[in-house]
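Please examine the structure shown below before reading on.

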Amino acid sequence: MAGHEHDHDHDHDHAHGHDHGHAHDHGHAHESQKFSIFGHDHHHDHAEPEGPDADKDLDPANRSLSDALKVSFGLLKWVMALLVVAFFGSGWFYVQEGEVAVLLRLGRVVATESGTVREAGGPYFAFPQPIDEVITVPTTQQVVNLDRAFWFEVKPEDRGKKLEELKVPTGGLVPGQDGSLLTGDRNIFHAHWSVTWAVPREEAVRFASAIGTAGGRPGMLQRAEELVRTASEQAAVHLAARTSADAFRAGQIAKEELRAVVQEALDRMGAGIRVVNVALADPTPPLALRQDFQAVIASESEKANKLEAAAKFRSQTLTDMAGDRYLKLLDAIALYETARRAKNATQVREAEAALDELLLGAEVYGTVARLMEEARTYRRNEVQEVRAEAETFQALAPQYLQNPRIVRSRHLQDALEEILAGDVETFYLPSGTKELYLEVNRDPRIRAERERRRYLEQQQEAAPPPKR
């Protein structure tokens, strides 16, 4: 062993060239090689430390390095595990109310059992980009206001004023600055429009494909609004060209037709947008012609008020005359007049019978019913009076034939009694007077007495009946 160490001390190759002492030589050479690997600047030609102190110097360093490597590899494994968890955990997402989500995996739509979109709620899972991409599409109603396209230019200091407060500009409208519409009868009008639109959930994929996802939700809404605005402006120009100025001023436009035209244009582009409503606001002529139009409006309003008042008066008068079924009575009268002008006796009789049945029935009331009742009462009284006179005449006829003077004298006395029994003052003239002129007043004493008697009679009639 000592000889081997000596030889190894002088020549490193000599140790590898002999067969004896291989175990010791190998082990020592191996330790020397490990020493070189870990960075010790010892050349193979140098002599290695001898004795047991060599192992004591190397073992703590190796152990420290091994422990450090173990700790580093342990921390690295935990960090990698956390990264994996964070990688997969970042794929969970929620969908807010008023939105739906479209999931793309490698550029293709990922469908579920309920469809191609994810409804509001969650959580939903998606692999992080670039594997998956989540596109949120708003489904709430949006409003596009066409405030400038068809409205005249308003100075900053005049904004917020009413139309009546704005000054009439000189020089007319300026093309490119003042917007306007041309009606079907070649009149210029201004107006504000508003278009309400939304994205149906079943059209979310097509909407995202047509509009694009750049810029997120704000960018999508901005591009969609520009698309709706362009289609609405074109449709408004075409609709105004088919509408008269009076109808446009009164807001009597085919709004549903306009909505359909805008919808058709968006469908041709495959936008996936549904137009909910189109509204017209503030239709007005140019400011220079506003007073003239206001005068026409005032005249039309006065005309409408008078027509309404006349209609109410007519309805009230007819209701007072014949009740609330006066229309039926008017129809019966019209049929009677038509039959009479046609000189058709059969139709006249039928119309008269229908008219009489209606007049005598319970459906007609009011003044007509009262007049009909008075007519029936008058007829009944006249018939009774004539019948009584006929009976009296038939009773007196035989007596008059036997003694006419007595019958005449008796009737004369009856007539005088009837005349003198009333409020009559009697004057007696002397017989044989051929001509007499009297200018007298009624006796005030007689008048006072009669007034007193009339007052007493009224008091008796107004007095309550005596208690029993």
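This is a predicted model: local features need pLDDT of at least 70, side-chain atom pairs count only at pLDDT 80 or more; totals for chains, interfaces and linings use all residues.

Residues are numbered from 1 along each chain as its sequence is written, and side-chain values use heavy atoms, with hydrogens and water left out.

The pLDDT is the predictor's confidence in each residue, from 0 to 100. Its average over the protein chain is 79, and 81% of the residues score at least 70. Helices (H or I, at least four residues) and strands (E, at least two) are DSSP runs, numbered from the N terminus. Confidence is highest in strand β6 (residues 142-146), at a mean of 94, and lowest in helix α3 (residues 22-37), at 38. Over residues 1-52 the pLDDT is below 50, and this stretch has 26 contacts in the model beyond near neighbours in sequence; a contact means heavy atoms within 4.5 Å.

A group of aromatic rings comes next. Rings of Phe, Tyr and Trp (its six-membered ring) pair if their centres lie within 6.5 Å; planes under 30 degrees apart count as stacked, over 60 as edge-to-face and the rest as tilted. The whole structure holds four aromatic pairs. Phe189 counts as buried because its relative accessibility is 0%, where buried means under 20% relative accessible area, exposed over 50% and partly exposed in between (1.4 Å probe, protein chains only). Phe248 is likewise buried, at 1%. Phe189 also forms an edge-to-face pair with Phe293, 5.6 Å centre to centre and with 85° between the planes. This second pair links strand β8 to helix α9 (residues 290-322), across 104 residues. Ring pairs join Phe189, Trp193, Phe248 and Phe293 into a cluster.

Which backbone angles deserve attention? Most residues other than glycine have a negative phi. Arg186, however, has a positive phi of about 65°; Arg186 sits in the loop between β7 (181-182) and β8 and is exposed, with a relative accessible area of 74%. Asp282 also has a positive phi, near 55°. Asp282 belongs to strand β9 (residues 274-284) and is partly exposed, at 45% relative accessibility.
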